[in-house]
Amino acid sequence: MTIWTNDRIERLAALWRDGQTAAVIARTLGEGVSRNAVLGKLHRLGLWTARSQAIRRGPRPGSNRRSTAGAPGPTSARPVVPQDAPLSSPGVGTRTILTVRLGECRWPIGEPRRPDFRLCGCAVSRGAFCAPHADRAYRRAPQTIDSLVKGVSA
């Protein structure tokens, strides 16, 4: 005896078109239907492909991911150097994630998904960054009344 009756298949297709996940569909269909059974049936019916292409077109509602659709392509091979980077220092923006060495600034320059993405590469001053980038990366904790009182009584 099969778990896939015509009624369950129709409900499966309707729930899938409504955007339900395989786990939700399995719970809705009830006993004997697992998430993997739902995924297998969707694949055999050819419904998986139609939905997966629709999902790739853009982020789901409520998703925190940024869409890359419509993002501008690379315009030049030169790395984008931020205005606050020490421009007079040799090697600014010349390092990649694979070429940066110990003691070189790892401040990101540009968009990570673009081919011209680079790291600063200047000499490290504090932590993993050069002096100008460390000033931006590491901020001092704001002083509170309690910390001021402790400083006076100490």
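Reader: Surface first. How much accessible surface does the protein chain have?
Author: About 11500 Å². Carbon and sulfur atoms account for 54% of that. Keep in mind that this is a predicted model.

Reader: Noted. What share of the residues is buried?
Author: 23% of the 154 residues in the protein chain.

Reader: Switching to salt bridges. How many turn up in the whole structure?
Author: Three.

Reader: Start with Glu104. Which residue does its side chain meet in a salt bridge?
Author: Arg95, at 3.0 Å, N to O.

Reader: Is Glu104 buried or exposed?
Author: Buried. Its relative accessible area is 12%, and the cut-off for buried is under 20%.

Reader: And Arg114, what does it pair with?
Author: Asp116. The N to O distance there is 3.7 Å. Arg114 is partly exposed at 23%, whereas Asp116 is buried at 5%.

Reader: What about Arg126?
Author: Arg126 bridges to Asp135, with the closest N and O atoms 3.9 Å apart. That still counts, because the limit is within 4 Å. Arg126 is partly exposed, with a relative accessible area of 38%. Asp135 is exposed at 55%.

Reader: Now the fold. How many helices and strands?
Author: Six helices and two strands. The order along the sequence is α-α-α-α-β-β-α-α.

Reader: Last one. Of contacts between residues at least 6 apart in sequence, what share joins residues at least 24 apart?
Author: 46% in the protein chain.

How values were computed. Residues numbered from 1 in each chain as written. Predicted model: local features only at pLDDT ≥ 70, side-chain atom pairs only at ≥ 80, totals over all residues. Heavy atoms only, no water. Buried < 20%, exposed > 50% of the residue type's maximum accessible area, 1.4 Å probe, protein only. Helix = DSSP H or I, 4+ residues; strand = E, 2+ residues; numbered from the N terminus. Contact = heavy atoms within 4.5 Å. Areas by Shrake-Rupley, 256 points an atom, 1.4 Å probe, with all protein chains shown as cover.
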